[in-house]
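Please read the following report alongside the sequence and the coordinates.

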Amino acid sequence: MSTGDGQQSQALTKPTFSEVQASALVESVFGLKVSKIQPLPSYDDQNFHVCISRTKDTTDGPNEYVLKISNSESSKTPDLIEVQSHIIIFLRAAGFPTASVCRTKGDNITSLMSVDSGSEIKSYLVRLLTYLPGRPIAEIPISPQLLYEIGRVAAKLDKTLEKFHHPKLSSLHRENFIWNLKNVPLLEKYLYALGQNRNREMVEQVVQLFKDEVMTKLSHFRECINHGDLNDHNILIESSKSAFGDAVYQVSGILDFDDMSYGYYVFEVAITIMYMMIESKTPIQVGGHVLAGFESVVPLTPVERGALFLLVCSRFCQSLVLAAHSCQLYPENEEYLMITAKTGWKHLQQMFDMGQKAVEEIWFETAKSYESGIST
């Protein structure tokens, strides 16, 4: 949901291109004639849904795209954005439902645009991706079958990226990236955004437990590249009819690779569980189905499993604290920023009240039930 590594410094770096300016960008940089353009919601970048009109020379190819304009802070790390773009291309070639990355007229995958704002010149990295059809998971009642499928896709994605090579791959070691689960202690800088209340006390407890119980075990987790943001708006699905006539959903699109960084397999499954809980009417049940799907590809070790509860709580804290902080920076974007907060505090409180042992029992029993019942 966020791209920059320094949250505080991003107060004034979100791009503010108008639809007319964005259309002109698509035409000048990518050589495509825009017929319709509209803004898409985003955290601290700017995204537009672009429809193009065909000329006699360009009858082939897609008609719909997403124009991504990175904030000026992220635009200072072009190597990172280049690696993320190459990962999207790599995963698509490996059969994942990711977008295609479009090349500029100069045959590059990004273009750096400089804008004179009067007081200073700011630079923004611009990319164009094909638009993926499908409905975000947030829009449908989510079934155990789909949760299993999402867990499986998350594990396959990380596993596939073991084979990804790029000369600038080290740019994914984002040491102070606020959204990497390893950096939960950095949340302490942003706690002021919560005020003084029960929620803040809960976050302070989680951060302390994280320092005591997760930081000391990191060397025992298996490292990999994480997508890092498999939330209910970044996974698209489409339905088909089963032999029994009911709808079966498959993952038809994976969006938003801007939070990619080096992490651990257990981080990916924890992040995915947390976001799948957001929309669920039975949130505590969710973890077992996602875990079963994930472990059908990458079984967790006992140490990784033992950290899962605290990692899910930690991701709730990251999302809730940073949303509150960003609302102070961008009050006009509050509706989008507070999506998680609507139910997130309630879910975190429920996990806390039940305690690790009780929640783990539900997750692990559910995951175990798949061993005999579902073939992988």
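## Cysteines, sheet and helices

The structure holds zero disulfides, a disulfide being a pair of cysteine sulfur atoms within 2.5 Å. Cys313 is in no disulfide, and the nearest cysteine sulfur, that of Cys317, is 6.9 Å away. With 0% relative accessibility, Cys313 counts as buried, and Cys224, at 5%, counts as buried too; here buried means under 20% relative accessible area, exposed over 50% and partly exposed in between, computed with a 1.4 Å probe on protein chains only.

This is a predicted model, in which local features need pLDDT of at least 70 and side-chain atom pairs count only at pLDDT 80 or more, while totals for chains, interfaces and linings use all residues. Residues are numbered from 1 along each chain as its sequence is written, and side-chain values use heavy atoms, with hydrogens and water left out.

The chain averages a pLDDT of 89, and 90% of the residues score at least 70, pLDDT being the predictor's confidence in each residue, from 0 to 100. Over residues 1–12 the pLDDT is below 50, although this stretch has 52 contacts in the model beyond near neighbours in sequence, a contact meaning heavy atoms within 4.5 Å. Where pLDDT is low, the predicted coordinates should not be read in detail.

Helices (H or I, at least four residues) and strands (E, at least two) are DSSP runs numbered from the N terminus, and two strands pair if DSSP finds at least two bridges between them. Three strands form an open sheet in the order 6-8-9, with antiparallel pairing. Strand 6 (135–136) and strand 9 (247–254) stand at the edges, each with a single partner strand, so one side of each is left without a neighbour in the sheet. The two pairings are set out below.

| Strand pair | Bridges | Sense |
|---|---|---|
| Strand 6 and strand 8 (residues 235–241) | two bridges | antiparallel |
| Strand 8 and strand 9 | seven bridges | antiparallel |

Arg135 has Ile237 in strand 8 as its bridge partner, whereas the bridge partner of Ser240 is Val248 in strand 9.

Helix 3 (residues 144–160) lies across strand 8 and strand 9, running at about 30 degrees to strand 9; axes are lines fitted to C-alpha atoms, for helices over the stretch in contact, and angles run from 0 to 180 degrees between N-to-C directions. In helix 6 (residues 283–295), 12 of the 13 residues are buried, so this helix is largely enclosed by the rest of the structure. Among them are Pro283, Ile284, His289, Phe294 and Glu295.
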